[in-house]
Amino acid sequence: MVRAALRVLGFEVKGLASVGQWIVRRRHGVPPGASAVTYAKEQTFMLALMLFAMAIETVVVDLLLVALGVPGWLRYAVLVADLYGLLVGVMLAAACATRPHVVTDDELRIRYAAYFDARVPLDRIVSVRTGRNLNEDSMVSVADGRLGVAVASQTNLTVELAGPVTVVRPLGRRAEVTSIRFFADDPEAALAALRPRLTVPS
């Protein structure tokens, strides 16, 4: 429980840092010569809509509490909780924008915001292919050695591995996977970045 709480606190810190990087238009963990593979566009509209709805709700609820004459301490507690929810949404958007997947000469780094980060050595990749799956049931899932990292319940790239790679789930549990499905805004561009760096036909 303590470990999970510390990981959640780490997500918050990384999320706040991502907001700063978003403001100054910098990306995290993309070294010179690497290819950034974005994945945030598919969820941008829904996330913006959610944040707008949350902002409206914050104002309406606060006005309602004032009209009902609730104690000031309760009104401020609700207001802080609502504003914190808005901040979490902004941190998610910022982290997704500033922490893309990354392809270097040595590895494929698959991420989702501040919550997930897996490094796959390129020499472990047997093949990579496109193929849209619209039925992913969670952001990060592992079943039968298959890892799924979805955006808006979708993946569109599949990487097959020569042997198991250990990944760490958002709350700290480890798993070994031999197949990875993930989402990219432009899967063809992701293939173009990956294939020249692979040492085996894909």
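1. Phe11 is buried because its relative accessibility is 9%, where buried means under 20% relative accessible area, exposed over 50% and partly exposed in between (1.4 Å probe, protein chains only). The model is predicted: local features need pLDDT of at least 70 and side-chain atom pairs pLDDT 80 or more, while totals for chains, interfaces and linings use all residues. Residues are numbered from 1 along each chain as its sequence is written, and side-chain values use heavy atoms, with hydrogens and water left out.

2. Two aromatic pairs are found in the whole structure. Helices (H or I, at least four residues) and strands (E, at least two) are DSSP runs numbered from the N terminus. Tyr115 is partly exposed, because its relative accessibility is 22%.

3. Leu6 also belongs to helix 1 (residues 2-23). With a relative accessible area of 56%, Leu6 is exposed.

4. Helix 3 (residues 72-98) has 27 residues, so at 1.5 Å a residue it should span 39 Å; its end C-alpha atoms lie 38 Å apart, which agrees. The expected span is 1.5 Å times one less than the number of residues.

5. Buried residues of helix 3 include Asp82, Leu86, Gly89 and Met91. Their cover includes helix 1, helix 2 (41-68) and strand 3, with contact meaning heavy atoms within 4.5 Å.

Notes
Rings of Phe, Tyr and Trp (its six-membered ring) pair if their centres lie within 6.5 Å; planes under 30 degrees apart count as stacked, over 60 as edge-to-face and the rest as tilted.
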